[in-house]
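Please read them with the structure open beside you.

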Amino acid sequence: MAELGLRLTLTFIQIAVIVLIVIVTVLLLTLAERKVLGWMQDRMGPMEVGPYGSLQPFADAIKLFFKEDIVPAGANKLLFTVAPLLALIPAFIGFAVIPWGPDLTFEFDGLTMKPFIISDINIGILYILAFASIGAYGIILGGWASNSKYSLLGGLRSAAQIISYELNIGLAIIGVLIMAGSLSLVKITGAQSGWFWNWYVFAFPAPQIFALVVYVISAVAETNRVPFDLPEAESELVAGFFTEYSGLRFAFFYLAEYANMVLVSCVASAMFLGGWNAPYPGTILDLLGLSSLAWIENTMWFAFKTYSFLFLFFWLRATLPRLRYDQLMRFGWKVMLPIALANIVVTSIAVYLFPKG
Amino acid sequence: MHTLKEWLKTITLYEILVGMKATLGHLINYKPVTLQYPHEKRTLPDNYRGMLALLRYDDGTEKCVGCDLCEAACPSRVIRVVSAEVPGEPTKRYSKEYYMDMTRCLFCGMCVDACPVDALGMTREFEWAVYDKRQLHLNKQQLLAIGDRSFPVREKRLELQHQNTAFFNVAFKHIPQKPI
């Protein structure tokens, strides 16, 4: 019993730390996005709160916290309340299976635990995909429950878009799964150690470069980001599915969007870019004789890869205009889907011809 | 060959990469074109047409002679003048009341052009946001106060003054007149 309690405590500490890191990242992202967008558009971005606007996320959080919480007349109160949670919780729950660092074990009072892996379940990536799909319910229900035509249209668009692009994400990942022979993100990341040509983007029998491109494009579409931000197209639908939301519920949707961005970036770097593996075998700190600190280098590499993807999201947002709706659907079904399927076929043949070891 | 090139451009996302290169270039050579407005203000052009004001002569008497020409010239009916005789001087008139509804003003400057005695001036003030728009319905005292604070040296816009009106302009007789 005491052992169970201790194990639970340790796991809860792990979860708390990860959630804290994700929330801090999201806070940083809201500022970083506005700053990067501003710089790319010859503006300054937020400059008022704190030095160079550095306290803007906190000002936003405080403002949203104290805003009036409006439920529109005729809205379905239950679903209107549940929808933000349905969007937020799946966005955070996926982080449970991400390997944040090397597969170390750590002894604590007779218990062994892995400090960088909350849970290594054998269907890791499937679990993330499943919960990402549940996040779509939050958006659809939020759009429906608001009793507003803009929200409803935004929600319906989002439903169609997420269904189309989830498929592509799933198919793009399959190539990696064939090569790794596992669904567990820990095993997939572990199999990419060594030089950077062991990463699945460049790996020998079938480089997954097309899968990566399909994955990134579909991930942008799935997180409702520019240029695929049709569910919340300002010029057409006011704010899409969260038109009627205000205060904390709006903040939940906002948080969910950014947490989803972090999640898809984490998955992309774990599956295609080797996760916490450095582009060279081992770590520099290990060579310097600081083996106990090698995990810092590994987690830093993971963070670097993830943040590169997030920067790519901002970059795309600063560059590209929004797609038309039929273009979005045609692109998803007629371009992305065939590429993903062809990638599966090619990868399967290549892996069959050049079996591992 | 041509189609092959097009096809290659498509599959390598060439156009998108060109666009992304442009945005990255702006990020690296970051030169903001915006000003942090309340802290930094851009320099106004010399002929800036800002808030209207009533002016005074050097000795402090009002220039306005209550002729109503500004009211007639105003395209948006901003100005309302109530003209009256100067008590005890039957040949002179002045504006007993003078109102400007600045919510309607479009800052065309026609009233300033119309004024024969140069009693109206356009200041360089433009930060006139108020919470209650009744505060923009200005009376004579307020307009004179704006003129006093914007033109402490009361020699503005003499170049616009016609020589025929200089007769009224007793304060500036020492200034050489323009040839007609």
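**Notes on the two chains**

1. Helix 5 (residues 140-150) of chain B lies across strand 3 and strand 5 of chain B, at about 90° to strand 3 of chain B. Helices (H or I, at least four residues) and strands (E, at least two) are DSSP runs, numbered from the N terminus. Axes are lines fitted to C-alpha atoms, for helices over the stretch in contact, with angles from 0 to 180 degrees between N-to-C directions; contact means C-beta atoms, placed from the backbone, within 7 Å.

2. A word on the basis: this is a predicted model, where local features need pLDDT of at least 70 and side-chain atom pairs pLDDT 80 or more, while totals for chains, interfaces and linings use all residues. Residues are numbered from 1 along each chain as its sequence is written, and chains are lettered from A and ligands numbered from 1 in the order written.

3. In chain B, an open antiparallel sheet has 3 strands in the order 2-3-5. Strand 2 (79-86) and strand 5 (137-138) of chain B are its edges, each pairing on one side only. Strands 2 and 3 (residues 89-101) of chain B share 8 bridges (pairing needs at least two DSSP bridges), and B:Ala84 has B:Tyr94 as its bridge partner in strand 3.

4. Where the chains touch, chain A gives 11 residues and chain B gives 13. Helix 1 (2-40) and helix 11 (294-319) of chain A each supply at least two residues of chain A's side.

5. Elsewhere, A:Ala259 touches A:Val22, A:Val26, A:Ala91 and A:Phe92, leaving aside residues up to four places away in sequence.

Technical notes
Contact = placed C-beta atoms within 7 Å.
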